[in-house]
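Please keep the sequence and the 3D view at hand while going through the points.

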Amino acid sequence: RAQLGVTIQPVTRELADSLGLKDAKGAIVSSVAAGSAVEKAGIKRGDVIQSFNGQPVTDVNSLRNRVADMPPGTAAPVVVTREGSERTFTVKLDERSVDQSARHESSDAAGDKAALGVTVAPLTPELAARAGLPKDAHGLVVRNVDPEGRAADAGIQPGDIIQEVNRQPVQSVDDLRTAVRKSSDRPALVLVQRGEQSLYLTVKAS
């Protein structure tokens with residue numbers, strides 16, 4: 001079976017608002033496997049896949065099924081939205097191995113509320129190693145989450161590693177505060193690493 005080599009999530013209304021999209025449709029790329037078909041084609045994390053091989057992408061499962069139905073090695077056009085503009089890439093599909101099938105499953109993530117109310121610590125090389133990440137990985141480790149806060153509503157959990165807010169890397173508490181403050185009129189788009197999975201979550205404005 002063929003695969004793209006990405007983790008994808010559905011585009012919820014909250015994600016669409018964060019990304020400035022008119023419609024909540026398509027599949028957002030939350031991680032790209034190194035050396036995968038999509039990386040070679042030029043598709044990046046944060047791109048929203050709108051169509052695959054000429055067919056509109058209405059949900060995550062339809063995209064997975066269409067990819068799986070094609071022979072590995074097939075070249076297919078993929079249309080994505082990136083920072084407000086549409087781009088077309090040609091992806092030569094990889095072959096999916098059995099152990100990759102589970103790893104590239106995506107998850108429906110994104111609470112309909114969002115917010116901070118978290119205690120965080122910078123990601124040190126030691127913490128990165130413990131989390132199975134490269135030593136030079138960046139981000140903030142979530143220590144505690146206020147159950148009444150916006151972060152809890154967004155689905156952020158203790159142990160998550162906040163890597164980006166609105167596509168900006170965050171490495172300190174000040175980075176986090178500044179990035180959240182800048183998105184005062186729309187939900188903040190937060191990229192977290194949870195175990196082996198990267199997820200986009202939306203934190204509503206206060």
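Is R181 buried or exposed? R181 counts as exposed, because its relative accessibility is 58%; buried means under 20% relative accessible area, exposed over 50%, and partly exposed in between, with a 1.4 Å probe and protein chains only. This is a predicted model, in which local features need pLDDT of at least 70, side-chain atom pairs count only at pLDDT 80 or more, and totals for chains, interfaces and linings use all residues. Residues are numbered from 1 along each chain as its sequence is written, and side-chain values use heavy atoms, with hydrogens and water left out.

**The chain as a whole**

- The protein chain holds 7 helices and 14 strands; these are DSSP runs numbered from the N terminus, helices being H or I with at least four residues and strands E with at least two.
- Of the 206 residues in the protein chain, 48% are buried.
- Among contacts with a separation of 6 or more, 57% join residues 24 or more positions apart, where contact means heavy atoms within 4.5 Å.
- The chain exposes about 10,300 Å², and carbon and sulfur atoms supply 46% of that area; accessible areas come from the Shrake-Rupley method with a 1.4 Å probe, and for residues only the protein chains shown count as cover.

**Helix α7**

- R181 belongs to helix α7, which covers residues 173–182.
- R181 and A205 are 24 residues apart in sequence, and their C-alpha atoms lie 8.7 Å apart in space.

- Strand β6 (residues 75–82) pairs with strand β7 (residues 85–92) in the antiparallel sense over 8 bridges; two strands pair if DSSP finds at least two bridges between them.
- V80 stands opposite R87 in β7.
- β6 and β7 form a hairpin with 2 residues between them, and E83 in the turn has a positive phi of about 50°.

**Positive phi in two loops**

- Most residues other than glycine have a negative phi.
- N53, in the loop between β4 (48–52) and β5 (55–56), has a positive phi near 55°.
- N53 is partly exposed, because its relative accessible area is 36%.
- R167 sits in the loop between β11 (161–165) and β12 (168–169), and its phi is also positive, near 70°.
- R167 counts as partly exposed, since its relative accessibility is 31%.
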